[in-house]
Amino acid sequence: MALKTLMLVCLLVAAMALIPPIAEAQLGGLISGLLGLIRIQGTVFCTVDGNIGVNGTATPVFPYALVQLQGGGNVVSSSTTNGSGIFSILLDPLQFLVPSLINNCNLAVKTPLSNCNTSLPSIGGLSSTLQVIGSTVAGLLNITNIIPTGFGFLRA
């Protein structure tokens, strides 16, 4: 019985290898999309520009801040920073193309800076463009890693 199962698995793997690339393109990259993921992550700091201080000086983080991925004037996805100011947004590569994300989307911190430090502005917010830093393979899963290029303050 084990030999029959092994033969069946080998036949399925061989059949998948013979599928022409055109077939995968017609499926919209379905096979690679099922085994992929896009991860946008970073840390938001409690500063007027949302970035870490010069020379890595002690800089407080911005906990529990709403971070939105925006594209074309619409909110595509969102996340909230944890107690350490870290956020992570996961996207399905069947719905999003990495070049389109990089060129047409940005991150916006919607929680007022005054929530983490009362001496910071209560109107306006932080915004950052995106950049790809590479990919990670976890088993069969290929994860494209994207980070903010650096937050800047935008007046409302």
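User: How do you know that Gly36 is found in a strand?

Analyst: In this predicted model, Gly36 is found in strand β1. Helices (H or I, at least four residues) and strands (E, at least two) are DSSP runs, numbered from the N terminus. Residues are numbered from 1 along each chain as its sequence is written, side-chain values use heavy atoms without hydrogens and water, and local features need pLDDT of at least 70. Side-chain atom pairs count only at pLDDT 80 or more, whereas totals for chains, interfaces and linings use all residues.

User: Why is Gly36 called buried?

Analyst: The term buried means under 20% relative accessible area, exposed means over 50%, and partly exposed lies in between (1.4 Å probe, protein chains only). Gly36 has a relative accessible area of 12%, so the residue is called buried.

User: Which residues does Gly36 touch, not counting residues up to four places away in sequence?

Analyst: Gly36 touches Pro93, Leu141 and Asn142, where contact means heavy atoms within 4.5 Å. Gly36 and Leu141 are 105 residues apart in sequence, yet their C-alpha atoms are 5.3 Å apart in space.

User: What makes Gln68 a buried residue?

Analyst: The relative accessible area of Gln68 is 13%, which is under the limit for the term, and therefore Gln68 counts as buried. Gln68 has its place in strand β2. Leaving aside neighbours within four places in sequence, the contacts of Gln68 include Val75, Ser77, Asn106 and Leu107.

User: What is the order of the strands in the open sheet of five strands?

Analyst: The order is β3-β2-β5-β6-β9, with antiparallel pairing. The edge strands are β3 (74-80) and β9 (152-154), because each pairs on one side only. Three bridges join β6 (residues 125-128) to β9, so this pair also meets the requirement. Among these bridges, Ser127 has Gly152 as its partner.

User: What makes a set of residues a nonpolar core, and which members touch the most others in the largest one?

Analyst: A nonpolar core is a set of buried Ala, Val, Leu, Ile, Met, Phe, Trp, Tyr and Cys residues joined through side-chain atoms within 4.5 Å. The largest has 21 residues, of which Ile40, Val44, Leu69, Phe87, Leu107 and Val109 touch the most other members. Strands β1 (36-43), β2 (66-71), β4 (86-91) and β5 (105-109) each supply at least two residues of this core. Leaving aside neighbours within four places in sequence, Phe87 is in contact with several residues, among them Ile40, Val44, Leu107 and Phe151.

User: How many helices and strands does the protein have?

Analyst: The protein has four helices and nine strands. Buried residues make up 29% of its 156 residues.

Conventions. Pairing = 2+ DSSP bridges.
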